[in-house]
Amino acid sequence: MDSSLVILGSQWGDEGKGKIVDLLSPDYDYVVRYQGGSNAGHTVIVGSKKYALHLIPSGILHEGKKNLITNGVVIALEELVREMNKVKDVAKNFEGKLFISDRAHIVFPHHKILDGLAEKSKGKDKVGTTLKGIGPAYMSKYGRTGIRVADLMDPKYFRNRLESSMAEAKEIAEKIYGVSFNLNINKIYFQTLKLFEKIENLVCDTALMLDKGLKEGKKVLFEGAQGTMLDIDMGTYPYVTSSNSSALGLCNGTGVSPRLIGKAKIYGVSKAYVTRVGSGPFPTELKDSSGQKLRDEGHEYGTTTGRPRRCGWLDLVALRFASRINGMDGIILTKLDVLDHFEEIKVAVAYEYNGKEIKEFPASLKILEGCKPIYKTLKGWNVSTKGLKEKDKLPDEAWEFINLIEEETGTPVVMLSTGPERSEYIWIK
Ligand code: IMP
């Protein structure tokens with residue numbers, strides 16, 4: 001591929017983006033994480049070793065890549081440094097390899113506490129967050145009380161900002177949630193500065209670096225976190241994450257003009273079925289033995305939290321919506337092999353609401369909760385596609401499934417992932 005490329009989730013996260021980014025990164029000069037934080041997580045297998053990445057782009061596991069964590073990411077420094085230590089055996093040296101935006105905001109321990117308190121107070125209406133402090137960190141950012149990486153360069157200024165940020169968090173905890181917490185400000189202050197020392201040489205203006213790189217014709221791989229349906233603006237609000245996890249987050253998350261980013265190709269990753277962690281509407285959710293079969297066959301338990309994922313049939317209303325708002329050039333379909341042993345496979349092509357057919361994904365939660373999927377039922381292929389590498393060997397029934405996805409979304413399926421290993425994939429277009 002000649003152009004830069006965006007790989008993002010087109011469902012509710014966990015579509016298997018990590019493997020795809022890892023697989024494609026050898027072709028790119030830069031690999032960029034631009035939104036979210038350590039709520040994301042994927043495992044990359046290199047040889048006999050497994051690496052769980054949350055913040056660092058997967059290009060770190062390849063030679064000669066520049067890996068950027070740009071301004072849209074919220075960074076918990078202790079987690080970043082812990083992750084750097086874990087990949088040290090492969091990365092060796094981070095200078096010239098890992099670049100951290102001076103404009104990125106920092107997640108502090110009080111953000112994590114507030115995340116937990118907010119969730120607890122919501123009771124059965126909780127979002128089901130990862131409890132990594134993501135929402136409160138973005139609240140600080142947009143409330144203009146956040147602390148950025150650049151602010152750590154001036155310890156006195158940082159101290160003042162930290163004092164007011166912690167005081168505000170304490171007040172929220174006490175007055176809104178009726179809980180007092182005790183965090184030692186001195187400890188957090190010195191710990192943060194110590195952690196900062198470990199990454200200070202990696203901090204730079206990543207927006208400038210990317211702008212220059214793109215203008216020089218460098219190839220950039222943008223690595224989306226979470227998924228389109230968790231986008232703060234376009235997702236199933238309020239059951240969403242706190243950043244723009246669709247393509248809409250590319251410009252604000254990198255600080256690069258849409259003119260430059262617009263030249264990149266955009267591929268949305270979708271499982272051959274749907275999973276969701278946390279709460280919120282999920283029209284095609286299966287609470288029966290088929291749902292359990294998807295969970296078992298697909299090993300559907302979270303990388304970051306270990307939670308069992310909710311599972312259901314592929315939802316083309318949601319995928320059509322994702323394709324439109326992301327401007328997807330192609331779909332990368334993952335975990336096709338999980339459907340290998342189903343007699344029948346259902347695919348939602350529309351919803352029924354109050355006796356009417358709906359083809360566009362609704363904004364209203366109330367409508368969404370009342371929507372019943374209208375399914376097309378396809379015959380299962382009942383042979384193993386696991387690890388398949390030649391498209392000619394795909395069973396006819398699997399092609400019918402792929403053709404239906406393309407017809408309904410108007411987007412070509414360009415690649416299939418047929419197993420967890422780097423080598424298990426097929427380009428079909
Ligand atoms: P938060 O991002 O931790 O605030 O969680 C908000 C919602 O996004 C919850 O439903 C989480 O389960 C979901 N979420 C956050 N990160 C991921 C992810 O990487 N994969 C899947 N779901 C996620």
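Trainee: Which residue just after H13 takes a positive phi?
Mentor: Gly410, with a phi of about 65°. Keep in mind that this is a predicted model.

Trainee: How do you know that the span of H13 agrees with what a helix should give?
Mentor: H13 has 14 residues, and at 1.5 Å a residue they should span 20 Å. The end C-alpha atoms of H13 are 20 Å apart, so the two agree. H13 covers residues 396–409.

Trainee: Which residues of H13 are buried?
Mentor: Ala398, Phe401, Ile402, Leu404, Ile405, Glu406, Glu408 and Thr409. What covers them includes H11, strand E14 (314–315), E15, strand E16 (344–353), strand E18 (372–379) and E19.

Trainee: What does H13 touch in the sheet?
Mentor: H13 packs on the sheet and touches strand E15 (330–334) and strand E19 (413–417). The direction of H13 makes about 145° with that of E15.

Trainee: What is the order of the strands in this open sheet?
Mentor: The 10 strands run E9-E7-E5-E2-E10-E1-E11-E15-E19-E20, with mixed pairing.

Trainee: What makes E9 and E20 edge strands?
Mentor: Strand E9 (203–204) and strand E20 (425–427) each pair on one side only.

Trainee: How do you know that E2 and E10 pair?
Mentor: Two strands pair if there are at least two bridges between them. Strand E2 (residues 30–33) and strand E10 (residues 220–223) are joined by 4 bridges, so they pair. The two strands run parallel. In E10, Val220 is the bridge partner of Tyr30, and Leu221 stands opposite Val31.

Trainee: How many bridges join E1 to E10?
Mentor: 3 bridges join strand E1 (residues 5–9) to E10, so this too counts as pairing by the at-least-two rule. E1 and E10 run parallel.

Trainee: What makes you say both faces of E10 are covered?
Mentor: Val220 and Phe222 are buried on one side. Leu221 and Glu223 are buried on the other.

Trainee: Why is Ile100 called buried?
Mentor: Buried means under 20% relative accessible area. Ile100 has 0%, so Ile100 is buried. Ile100 is found in strand E7. Its contacts beyond four places in sequence include Ile69, Ile75, Leu80, Val149 and Ile199. Ile100 and Ile199 are 99 residues apart along the chain, yet their C-alpha atoms are separated by 8.1 Å.

Trainee: Why does Ser270 count as buried?
Mentor: The relative accessibility of Ser270 is 0%, which is under the 20% cut-off, so Ser270 is buried. Ser270 lies in strand E11 (residues 265–271). Among the residues that Ser270 touches are Ser10, Gln11, Glu15, Leu314 and Leu333.

Trainee: Why is Leu131 called partly exposed?
Mentor: Partly exposed lies between the buried limit of 20% and the exposed limit of 50%. Leu131 has 46%, so Leu131 falls in between. Leu131 sits in the loop between helix H3 (109–122) and helix H4 (134–142). Leu131 has a positive phi of about 60°, although it is not a glycine.

Trainee: Why is Lys335 partly exposed?
Mentor: Lys335 has a relative accessible area of 24%, so the value lies between the 20% and 50% cut-offs. Lys335 has a positive phi of about 60° and is not a glycine. The place of Lys335 is the loop between E15 and E16.

Trainee: How do you know that the bond from Tyr237 to Pro238 is cis?
Mentor: The omega of that peptide bond is near 5°. Pro238 is found in the loop between E10 and helix H8 (249–254).

Trainee: Which residues have the most contacts inside the largest nonpolar core?
Mentor: Phe222, Leu333, Leu339, Phe361, Phe401, Ile405 and Leu416, in a core of 66 residues. Helix H11 (residues 316–326) gives the largest share, 6 residues. This core draws at least three residues from each of domain 1 (4–101 + 206–266) and domain 3 (270–427). A second, separate core has 36 residues, including Val44, Leu53, Val87 and Leu162.

Trainee: How many residues does each of domain 1 and domain 2 bring to their contact?
Mentor: Domain 1 brings 24 residues and domain 2 brings 20 residues. The C-alpha centres of these two domains lie 23 Å apart.

Terms used
Residues are numbered from 1 along each chain as its sequence is written. This is a predicted model: local features need pLDDT of at least 70, side-chain atom pairs count only at pLDDT 80 or more; totals for chains, interfaces and linings use all residues. Side-chain values use heavy atoms; hydrogens and water are left out. A nonpolar core is a set of buried Ala, Val, Leu, Ile, Met, Phe, Trp, Tyr and Cys residues joined through side-chain atoms within 4.5 Å. Buried means under 20% relative accessible area, exposed over 50%, partly exposed in between (1.4 Å probe, protein chains only). Domain bounds come from an automatic or database domain assignment. Contact means heavy atoms within 4.5 Å. Axes are lines fitted to C-alpha atoms, for helices over the stretch in contact, and angles run from 0 to 180 degrees between N-to-C directions. The expected span of a helix is 1.5 Å times one less than its number of residues.
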